[in-house]
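Work through the exercises below with the sequence and the model side by side, and try each task before reading its solution.

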Amino acid sequence: MVDLSVDIGGLTLKNPIMPASGTFSEELSEVFDLELLGAHVTKTITRGLRDGNPTPRVCEVNGSMLNSIGIPSKGVGAFLEKVVPFYRQYETPLVVSISGNTEEEFATLCAEVSVDGVDAVEVNISCPNIEEDGKAFAIRPSSTASVMRQLRAATSLPLWAKLTPNTGETSEVARAAEDEGANALVVSNTLLSMSIDVRTRRPMLGNLMGGLSGPGLKPVALRMAYQCARATRIPVIGCGGVSTVEDVVEYLIAGATAVQVGTATFIHPTIMPRLISELELWVENEGLRSVRDLIGSVIDDEQAEAGGFMEAAP
């Protein structure tokens, strides 16, 4: 019997497969049994009402997707009243994704969602910080540390810091999040991108630019997962371009403890339970007893001996 369970900062998941925020909702319970998943991750919420960005909000690019949704939200009150009670019927851990425009707003919202039935908070620090000219919190180690410090003080629940690929300081940002209390890292959010309709000469998105997700993001997110796993001692959750069991295994070998599935769910709504079944079979066929035997098993001795570009954990 293969053991698919993993530990994410003290939170035990029955398997390492879960949705990415923004790609999962209660309606999927009509498609498959949500109890099968390792965790439930909600759509990102904000404290107040939020309309989101102008349309069009989504377009396809080379088998991947650009989106500029803008985090529309009905506010924390509606979330606590309607969404959290729905997930209480499941034993699967509930992870609430939150976003804030300022450190104070982030911390306040974090405290408000730390209620019975919520098992962890995913903090989307890859969103813009209006106090820093719109730069994402997770672009720099200093702003990452500052917001994580306030978030850690606001809750006793596990904190999962969702990082951005739009930085040149991946390892430093990861360490800053860990140092200020993150229990896990979600790697990563979407990559800032753009597409233009050559016939109309207009951008394909109403907000001009958006986030790249799907297969096109995977090599970037995989590299980040590898870097973060080596730079810190907390679990890494790979996110970006997961659509096959090989994608899952690749992230695990790179050092991730679990993965999130996003864009693929829009194409195949039952992709996550299928990946769980295929992962169990893959691990069994490899003669392994536990999926944990795969984590961080990448063979990179030659790179290390050559004094490569990656930093080892301190």
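**Exercise 1.** How many aromatic pairs does a search of the whole structure find?

*Solution.* This is a predicted model, in which local features need pLDDT of at least 70 and side-chain atom pairs count only at pLDDT 80 or more, while totals for chains, interfaces and linings use all residues. Residues are numbered from 1 along each chain as its sequence is written, and side-chain values use heavy atoms, with hydrogens and water left out. Rings of Phe, Tyr and Trp (its six-membered ring) pair if their centres lie within 6.5 Å, and planes under 30 degrees apart count as stacked, over 60 as edge-to-face and the rest as tilted. On that basis the search of the whole structure gives four aromatic pairs. The ring centres of Phe106 and Phe137 are 5.5 Å apart with planes at 70°, so this pair is edge-to-face. Because Phe106 belongs to helix H2 (residues 103-113) and Phe137 to the loop between strand S8 (120-123) and helix H3 (141-154), the pair ties together parts 31 residues apart in sequence; helices (H or I, at least four residues) and strands (E, at least two) are DSSP runs, numbered from the N terminus.

**Exercise 2.** Decide whether Phe106 is buried or exposed.

*Solution.* Buried means under 20% relative accessible area, exposed over 50%, and partly exposed in between (1.4 Å probe, protein chains only). Phe106 has a relative accessible area of 0%, so Phe106 is buried.

**Exercise 3.** Find which residues of strand S10 are buried on each side.

*Solution.* In S10 (residues 184-187), Ala184 and Val186 are buried on one side, and Leu185 and Val187 are buried on the other.
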